[in-house]
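Here is a friendly walk through reading a protein model, one feature at a time.

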Amino acid sequence: MSELTGLFVVKPESVTATKGKDITFVAKVDSSNLLRKPAMKWLKGKWLDLGSKAGKHLQFKETYDRNTKIYTYEMSIIKVVDGDAGGYRCEVTSKDKCDSCTFEVTVQAVQEEQQDNILEAFKRSGDAGEDAGDLDFSALLKKREKKQQVVQEEVDVWEILKAAKPCDYEKIAFEYGITDLRGMLKRLKKMKKVEPKKSDAFLRKLDSAYSVDKGKRIQLSVEVADPNAQVKWLKNGQEIKPSAKYVFESVGNKRTLTINKCNLSDDAAYECVVGEEKSFTEVFVKEPPVTITKLLDDVHTVVGEKVEFEVEVSEEGASVRWMKDGVELNRETAGSKYRFKKDGKRHILIINEATKEDIGMYYAFTNGGESKAELEVEDKELEVLQSIADLTVKSAEQAVFKCEVSDEKVTGKWFKDGVEVQPSDRIKMTHIGRIHKLTIDDVKASDAGDYTFVPDGYALSLSAKLNFLEIKIDYVPRQDPPKIHLDTSGTGNKNTITVVAGNKLRLDVEITGEPAPTVCWMKGDQVVAEAEGRVRVETRKTLSSFVIEGAEKPDEGHYSITVTNPAGEDKAELFIKIVDVPNPPENVKCTSVGEDSAMITWDPPAFDGGVPVKGYLMERKKVGSSRWTKLNFDVYESTTYEAKKMIEGVLYEMRVFAVNGIGISQPSTNSKPFMPIAPTSEPTRLMVDDVTDTTCALKWRPPEKIGAGGIDGYIIEYCKEGSDNWVQANEEPVGKNQYRVKGLPVGEKMLFRVVAVNIAGRSPPATLSQAVTIREIMENPKIRLPRHLRTKLISLVGEKVNLVIPFQGKPRPVVTWFKDGIPLEDKTVGTRTSEVDTILFIRSTERAHSGKYTLSVQIENMSDSADIHIQVVEKPGPPIAVHVTEVWGFNAALEWKPPKDDGNCDIIGYTIEKADMKTKEWFMVYEHNRRPSCTVSDLVMGNEYSFRVFSENICGLSDEPGISKNTAIITKTGLAYKPPPFKEKDISSSPKFTAPLVDRSVVAGYATAISCAVRGHPKPKIIWMKNNMIIGEDPKYLMQNKQGVLTLNIRKPSLFDGGRYSCRAINDLGQDEVQCKLEVRVVQEKGEEAKK
């Protein structure tokens, strides 16, 4: 349950507003003791939240004064109308604190200017004084001509009338010429202010309203003038009966009603009634606040994409308000731009097509929490699904450049060496879906060069080279030495071929020579001879092709081709370079955090893919979320990045991608979770608690502003006055708000300061304003003996004794315990002593622990002592030597001796019981008998009795009794009683009614009964009749006969049930009958009676 506290500094007051005018209500809240910003609600009636009605008619304003820490809330009603009248309530809540106040708004019509002196309306016309003419009310008309009047000294007659007694009204009216006495009295009654009558029964009444959370309890209390007064509690006019739910308490003048486990049915009006006086209040039951269980995630998207903000709350069907940059989003104002979706506990805000205007901070509010997330929208980027690749073709062959982009609607242009390519019969450009092709038929040497595809409207280009492989045909004699025709001039470095990992490499090398030469491909020292497989060699008569399917990094290296025939040998060297996307960056970590930012560093990838790394892309997400948010679209070159716009107290993770000319790497491993937090504010109320010759004890309060990082501990530092050389007193941060600094120089003046430490670092220090002189403060020893130990302490055997006795003294006194004047050496009695108190404890007491315990505290030659008396007791033993000393008549005398064991305390009495030797059942005779003897009377003649006695002390009765050694026999006197012979009496009689039926008048609809009484033997038969007709088994009637009392019950009688009822009793000896008249009347409503 939220604690009802006085948070309001200024409360709104009830007002009477003029229709068409503006009014403003002001409430001020002190937040100096609050941990978070308070939430204010303006309500009308019970539950109507006016915050949802904000607009031209209702306006709200909130301001904050940082110096006084006071929030000011204003509610303005523009141009008041009649519908604004009623009861209002403002409610402020902050975590576990709440406060509310109520006020009323009354709306009145615009009043016309009244006549300056309305008394003239009650005077007669003319100037003849008492004998003037008729009453003249023309002065009250709106349109009139004002007469010129003689200026006279004005007398406020109304003030005279209000101060006068009622018996003087007629005299005052005559003196001032007022003849309409009745009209004057009516107006005077309206003018008189009804002063609140001081309550005679209540010293303090109920508050005007109470607020409680559902499921919690609430207490309504009043103070009455009479401590013995009885009160009644009413709920909605019905009296409340005490139960487990409603608990009544009465302590002195205070009367309290406690309502347990409040539910919505307890939201009602309550009254406390004392005699004729009442005190009213109203209880508002609030349902528990709806909290947010899954927070919003930041979204980073591009123009035109669909955006969903999803939040999960604690209860289904809860109300969630969406806002963007302080403006509420709802179905009325959102239009088709936003859609709102509910799925159980999930609430989703959908933006169909994001634009730049949607950038901002989005909030989801419930009555118990809020969450926010940022939406960033970037211009849409074109994604390259397949880039164009370098080609090496021979003369007259076909060259096809092909690329695929993410948008089917994108068009583009092809360029060769920076010049736009124009279509012709030989050169064709096609665009089918997302695929763009440039086809060149019958390739010529002039077609070699750099080809580029540039999409329209995007700062993007895709480039590749066309390498022309020229075939030279020389006519040589048949004995022609072999020749390798390899042209790698278009590949950059001489004899270097670059291949993107995953692509296919096919290198066709023309070979000439007669006879046909033998071809040998080698990678380093190994021969490549495979005719099939991923890396293979395909050989024809004049052409040798080296093929790599899906190039991999191990395929990179130096290759050679050697051709030989009888005429000679030729050899060519080439280097195949495999390039790929880089490896992921490594060692991503957070090095420092701020309130809403974090510094992230990482190491470059171990392998750059064979192409220099251009930069990096960063993403972040909240821990527990699966949605990553991009932090940059442009490549970031450094390995240190400051992430901003984060929420304090929320855990985040980061990952980084490396980018080179080939593409984007896989993401790095996620960084360790980190939380943006800020250091706390400085500790407060730093003060000195104690000083000795070498130590100083400090204590302080936690910082006012702690933040989401919490506090890991405190660091205490000290230095000599006038020096800046601060020395840290504790190696590890201390968690408590106190610390004793040790090892200080005696007599020096020292300064101390304390800083709070958390994951964000050190807070500003809290420093003592004045230096502290390190010197022992002497204090005489003194024992503060608790009040209950100043008398004898009595304990049962086996109980635990734990005595805590505080003392004082500086330096620390020497504490010594004694028992009966001898130093305490009993191992079953333990002692433990601290700087401020000593403890004496016995785990299980025994009789031997009884005695006088003395505590002594001593400082040098000064000492103090205190005595504590402990008595350990138990139940006594049984009395001894119980015997019957004398028997006479119906009496027996007993005597016994006290028990040998009195249980270590006085015997306070004895309990005596007797038993008949026949039945052996024991019955109490005496309790708390103080003497060791007694006389037992009223014994039965002829019986033999045994007796037993229990001894009793403050622990109770002894477990075993003392049983009498002899018995008491009550002998017969010898007299014999001869009863007269029994003669049976004839009790037969005819029926006779001893109580007749009585005429009755009853109210229709209320059950009634008529009854009479009859006697007779044998038992008579009973017949009930109405108007001489026997009443049969009619369910409307219930007939009962209890010991001769006859009752006829009639359920909810109507007018038809009126008439003459009779009861007849019949047996063999005769009959009797009684009758009565029953009148049934209908109660008329008050309204009908008034009409009559």
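**Reading the model step by step**

A: The secondary structure of this protein amounts to five helices and 88 strands. Please keep in mind that the model is predicted.

Q: How does the radius of gyration of the protein stand against the globule rule?
A: The radius of gyration is 54 Å, whereas the globule rule gives 31 Å for 1092 residues, so the protein is more spread out than a compact globule. Along the principal axes, the C-alpha atoms fill a box of roughly 175 × 115 × 95 Å.

Q: What share of the residues counts as buried?
A: For the protein, 38% of the 1092 residues are buried. The accessible surface is about 65,400 Å², and carbon and sulfur atoms hold 48% of that surface.

Q: What share of the contacts with a separation of 6 or more comes from residues 24 or more positions apart?
A: Such residues account for 62% of those contacts.

Q: How many charges are there, and how far apart are their mean positions?
A: The protein has 158 positive and 164 negative charges, and their mean positions lie 7 Å apart.

Q: What describes a pair of aromatic rings?
A: The general idea is to take the distance of the centres together with the angle of the planes. In the whole structure, a search finds 17 aromatic pairs. One of them joins Y363 and F365: the ring centres are 5.8 Å apart and the planes stand at 15 degrees, so this pair is stacked. Y363 is partly exposed, at 22% relative accessibility. W414 and F453 make a tilted pair, with 5.0 Å centre to centre and 50 degrees between the planes.

Q: Where in the chain are W414 and F453?
A: W414 belongs to strand 32 (residues 412-416) and F453 to strand 36 (residues 449-455). They are 39 residues apart, and the pair links distant parts of the chain.

Q: Is W414 buried or exposed?
A: W414 has 3% relative accessibility, so it counts as buried. F453 is buried too, its relative accessible area being 1%.

Q: Which residues do ring pairs link into a cluster?
A: The cluster consists of F25, W42, Y88 and F103.

Q: Which residues does L349 touch, leaving out those up to four places away in sequence?
A: L349 touches V307, E308, F309, W322, L329, Y338, R339, F340 and Y362. This leucine sits in strand 26 (residues 346-351), and its relative accessibility of 0% makes L349 buried.

Q: How far apart are P980 and A708 in sequence and in space?
A: They are 272 residues apart in sequence and 104 Å apart in space, from C-alpha to C-alpha. P980 belongs to the loop between strand 79 (968-969) and strand 80 (989-995). With a relative accessible area of 62%, P980 is exposed.

Q: What holds for phi and for peptide bonds in most cases?
A: Most residues other than glycine have a negative phi, and most peptide bonds are trans. Here, A396 has a positive phi, near 75 degrees. A396 is in the loop between strand 30 (391-394) and strand 31 (399-405), and it is exposed at 53% relative accessibility. H928 also has a positive phi, near 55 degrees. H928 is part of strand 74 (residues 922-929) and is partly exposed, with a relative accessible area of 47%.

Q: Which residues does a cis peptide bond join?
A: The bond is between H1017 and P1018, with omega about 0 degrees. P1018 is in the loop between strand 82 (1008-1017) and strand 83 (1021-1026).

Conventions
Residues numbered from 1 in each chain as written. Predicted model: local features only at pLDDT ≥ 70, side-chain atom pairs only at ≥ 80, totals over all residues. Heavy atoms only, no water. Helix = DSSP H or I, 4+ residues; strand = E, 2+ residues; numbered from the N terminus. Rg over C-alpha atoms; globule rule 2.2 N^0.38 Å. Buried < 20%, exposed > 50% of the residue type's maximum accessible area, 1.4 Å probe, protein only. Contact = heavy atoms within 4.5 Å. Areas by Shrake-Rupley, 256 points an atom, 1.4 Å probe, with all protein chains shown as cover. Lys, Arg positive; Asp, Glu negative; His and termini not counted. Charge placed at Lys NZ, Arg CZ, Asp CG, Glu CD. Phe/Tyr/Trp six-rings, centres within 6.5 Å; stacked < 30°, edge-to-face > 60°.
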